[in-house]
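Visitor: I'd like a quick tour of side-chain features. Can you take me through how to read them?

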Amino acid sequence: MRLIAALAMSLTLLGACARNETVEPPVELGDFKLGFAVVVADGVQKVPISRDADPEDWKRVLKESLDARLKRYEGGKFYNLGVSVDAYALAPPGIPLVVSPKSALVVSVTVWDDAAQAKLNAEPEQFTIFEGLDGETLMGSGLTRTADEQMAALSFNAARRIERYLADNPQWFGLPPKPGRAAPSAN
């Protein structure tokens, strides 16, 4: 009985947590201004247990998230992003507490200096993105979210992760490198 009460209390507390899809204030990105964000999903791989998603939908929702997050920077130079949707898993409904799959997205990012027509990262940087844990996803987002809602949450988190990647490389945008980080070579 105590175990059930503790579990119920935990679920209630987690259920009270709202999804964190607020956009934080911009970070320092120097002269960064988003030119183009090109999203491709031609070779996207679906994990076998995943719900289906159209590659065109991935391109659209991820582009919208990138624009919403990165178009707010008004630096003096244009930079372009090439983003490839490599793989995804959209959690199907499962059995709570027994099978509760989580959703994930794998993307690769290339950053271009528009004026120099040069890549800033020699090789694409790959990220694995998860929805995050909140009251809705504790027992698996397949139970509480539609495929479209899962795609939106993953795209939001991907745009946030890409913004953090840009901030981790301030030397690309006319700022001093972060202490202890070697500047990546550009091609």
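**Reading side-chain pairs**

Guide: Let's begin with burial: Glu131 has a relative accessibility of 11% and counts as buried, because buried means under 20%. Keep in mind that this is a predicted model.

Visitor: Which residue does Glu131 meet in a salt bridge?

Guide: The general idea is that side chains of opposite charge can pair when their charged atoms come close. Here the partner is Arg145, with 2.7 Å from N to O. Arg145 sits in the loop between helix 3 and helix 4, and Glu131 in the loop between strand 6 and helix 3, so the bridge ties together parts that are 14 residues apart in sequence. Arg145 is buried too, at 4% relative accessible area.

Visitor: How many salt bridges does the structure hold?

Guide: There are 12. One of them joins Lys59 and Glu56, whose closest N and O atoms are 3.1 Å apart. Those two are 3 residues apart in helix 2, which means about one helical turn separates them. Lys59 is partly exposed at 22%, and Glu56 is partly exposed at 49%. Salt bridges also link Glu24, Arg69, Arg72, Arg160 and Glu163 in a network.

Visitor: Arg69 is in that network. Which ring does Arg69 lie over?

Guide: That would be Phe156: Arg69 lies over its face, 5.7 Å from the ring centre. Leaving aside neighbours within four places in sequence, Ser65 contacts Ala152, Ser155, Phe156 and Ala159. Ser65 counts as buried, at 15% relative accessibility.

Visitor: On to rings, then. How many aromatic pairs are there?

Guide: The count comes to 8. For each pair, look at the distance between centres and the angle between planes. Trp58 and Tyr88 have centres 5.4 Å apart and planes at 50°, so that pair is tilted. Trp58 belongs to helix 2 and Tyr88 to strand 3, so the pair ties together parts 30 residues apart in sequence. Both are buried: Trp58 has a relative accessible area of 0% and Tyr88 one of 4%.

Guide: Compare Phe127 and Tyr165, an edge-to-face pair at 5.4 Å centre to centre with 70° between the planes. This pair links strand 6, where Phe127 lies, to helix 4, where Tyr165 lies, across 38 residues. Phe127 is buried at 6%, and Tyr165 is buried at 8%.

Visitor: Which cluster do Phe127 and Tyr165 belong to?

Guide: One aromatic cluster, formed by Phe32, Tyr73, Tyr79, Phe127, Tyr165, Trp172 and Phe173.

Key: Residues numbered from 1 in each chain as written. Predicted model: local features only at pLDDT ≥ 70, side-chain atom pairs only at ≥ 80, totals over all residues. Heavy atoms only, no water. Buried < 20%, exposed > 50% of the residue type's maximum accessible area, 1.4 Å probe, protein only. Contact = heavy atoms within 4.5 Å. Phe/Tyr/Trp six-rings, centres within 6.5 Å; stacked < 30°, edge-to-face > 60°. Helix = DSSP H or I, 4+ residues; strand = E, 2+ residues; numbered from the N terminus. Lys NZ or Arg CZ within 6 Å of the ring centre and 35° of its normal. Salt bridge = Lys/Arg side-chain N within 4 Å of Asp/Glu carboxyl O.
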